[in-house]
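Have a look at the model first, then try each task before you read its solution.

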Amino acid sequence: MTSIILRSTVAAIACAGILGLATPSMAATMTFKAALSGKNEVPANTTAGTGEVTATYDTASKKLTWKGTYSGLTGAATAAHFHGPAGEGKNAGVLIPISPATSPLEGSATLTDAQAKAFMDGEVYVNIHTAANKSGEIRGQLKK
């Protein structure tokens with residue numbers, strides 16, 4: 001009887017030790033940054049405007065949050081967007097609108113799997129549009 005109790009106790013301790021070593025799958029938080037300028041536009045322009053955007057993506061909730069600023073544009077921003085999928089030097093459609101388009105920029109969105117893939121693959125850029133530069137005055141590719 002003592003032998004059975006001893007074996008059961010040893011087995012329970014071994015199982016507890018193994019379970020203690022197991023780690024649950026953890027969600028990751030990814031940070032992306034972009035420096036915005038006219039030279040990054042396609043085609044490039046000579047604006048004095050500059051800006052920056054930082055976006056954070058939580059893989060568990062699929063929530064993207066962003067903050068950014070810009071200054072020196074030729075006029076008021078008429079729109080701001082995340083565009084993709086597209087690498088540097090290529091243009092793409094709007095993935096996520098940024099509203100309002102006034103500096104400072106701040107917001108959040110829940111991403112689809114395709115949008116999340118574009119962010120992870122480095123194929124998303126931020127674009128700020130003005131009346132003088134309807135297709136975009138300043139742009140920056142988001143990088144991890």
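A residue counts as buried when its relative accessible area is under 20%. Keep in mind that this is a predicted model.

**Exercise 1.** Find out how many helices and strands the protein chain has, and what share of its residues is buried.

**Exercise 2.** Work out which way the side chains of E7 point, and whether its residues are buried or exposed.

*Solution.* Begin with a general idea: in a regular strand, side chains alternate between the two faces of the sheet. Now check E7: Tyr125, Asn127 and His129 point one way, while Val126, Ile128 and Thr130 point the other way. Then test for burial, and six of the six residues in E7 are buried.

**Exercise 3.** Identify the strands that pair with E7.

*Solution.* First take E4, which is joined to E7 by six bridges and runs antiparallel to it. Here His81 sits opposite Asn127. Then take E8 (residues 138-141), also antiparallel to E7, with four bridges. In this pair, Val126 faces Gly140.

**Exercise 4.** Pick out the residues that touch the most other members of the largest nonpolar core.

*Solution.* This core has 27 residues, and the ones you want are Leu64, Trp66, Phe82, Ile96, Phe119 and Ile128. E7 and helix H2 are among the elements that each supply at least two core residues. Now zoom in on Phe82: leaving out residues up to four places away in sequence, its contacts include Leu64, Trp66, Ile96, Phe119 and Val126.

Terms used: Residues numbered from 1 in each chain as written. Predicted model: local features only at pLDDT ≥ 70, side-chain atom pairs only at ≥ 80, totals over all residues. Heavy atoms only, no water. Buried < 20%, exposed > 50% of the residue type's maximum accessible area, 1.4 Å probe, protein only. Core = buried A, V, L, I, M, F, W, Y, C linked by side-chain atoms within 4.5 Å. Contact = heavy atoms within 4.5 Å. Pairing = 2+ DSSP bridges.
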